[in-house]
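Here is a short report on one chain.

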Amino acid sequence: MALALDGETRVLVLTGAGVSAESGVPTFRGIDGLWEGNRVEEVASPEGFAKDPKLVWRFYSLRREAALKVSPNPGHVALAKLEQRMGERFFLATQNVDGLHVRAGSHRLVTMHGELFESKCVSCQKPFADSKTYFDTLPKCETCGDAVRPNIVWFGEMLDPAHLQRISSYIAAAGKKLLFLAVGTSGNVHPAAGLVDEVKAIGGTSWLIDVDPTAHYAPRFDRVIAGKSGEILPGLI
Ligand code: ZN
């Protein structure tokens with residue numbers, strides 16, 4: 001089976017945690033749902049950072065170390081190749097923060113939930129590349145001296161409206177020629193989970209590729225393929 005892509009087709013891909021999991025990116029939630037005795041929602045929030053920035057930086061430093069130990073999988077590579085072939089008729093929206101799509105060669109993407117290898121000052125807000133770990137001393141802004149935090153969209157925070165605008169504009173411009181591929185995502189996190197409905201509203205086609213398609217999400221797609229993205233995407237593309 002392969003995707004029927006003619007010269008008019010525009011592809012929008014949405015990736016989620018399943019794609020990262022296939023590379024071995026750990027979720028940092030134990031079987032009790034906790035990380036070192038804390039709820040992840042508590043360390044990944046503005047309130048958690050205000051209360052204990054050292055704990056939050058320990059969490060993200062461990063995540064940076066873990067992400068650098070894994071590699072892009074064949075699913076990441078297949079998407080980068082598809083982008084090479086389709087150019088501006090391809091766009092990727094990822095909910096993953098681990099940087100694996102970029103390491104695989106993707107360029108035309110938005111990172112909806114932020115970037116693990118970026119930090120930003122809580123006052124200046126301008127993100128900058130940062131792969132350092134902070135276990136003992138905490139980073140300070142070189143411009144204003146205020147605290148520096150991971151550039152991640154935390155629980156309770158809004159997604160970057162510019163990112164959402166880019167995705168919606170792409171969908172609107174593609175119209176009926178749009179092929180939407182949701183990969184490794186369970187449709188639990190908004191607004192990413194609502195993209196399939198936006199696609200349907202403009203007459204596009206939508207496919208879901210997931211190891212375990214969820215009952216509340218899968219019926220909203222034209223086609224559902226159960227399986228690993230690293231095994232399915234290379235064949236489709
Ligand atoms: Zn600053």
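The report below starts with the basis of the values and then turns to the domains and the metal.

## Basis

This is a predicted model; local features need pLDDT of at least 70, side-chain atom pairs count only at pLDDT 80 or more, and totals for chains, interfaces and linings use all residues. Residues are numbered from 1 along each chain as its sequence is written, and side-chain values use heavy atoms, with hydrogens and water left out.

## Domains

The domain assignment (automatic or from a database) gives domain 1 as 10–25 + 71–113 + 159–236 and domain 2 as 34–69 + 118–152. Their C-alpha centres are 27 Å apart. Each side brings 5 residues to the contact (heavy atoms within 4.5 Å).

## Interface

Domain 1 and domain 2 bury about 370 Å², with 54% of it on carbon and sulfur atoms. Buried area is the accessible area (1.4 Å probe) that two parts lose on being put together, summed over both. On the domain 1 side, Val97, Arg103 and His113 supply 66% of the area buried against domain 2, more than any other three residues.

## Zinc site

Cys121, Cys124, Cys141 and Cys144 coordinate the zinc ion through their SG atoms, at 2.1 to 2.3 Å. Donors are N, O and S atoms within 2.8 Å of the metal (3.2 Å for Na, K and Ca); water is not among the atoms, so sites may look incomplete. The donor spacing in sequence is C-x2-C-x16-C-x2-C.

The 4 donor atoms subtend angles of 99 to 113°, so the arrangement is tetrahedral (four donors, all angles between 85 and 135 degrees).

Conventions:
Tetrahedral: all angles 85-135°; square planar, octahedral: opposite > 155°, others 65-115°.
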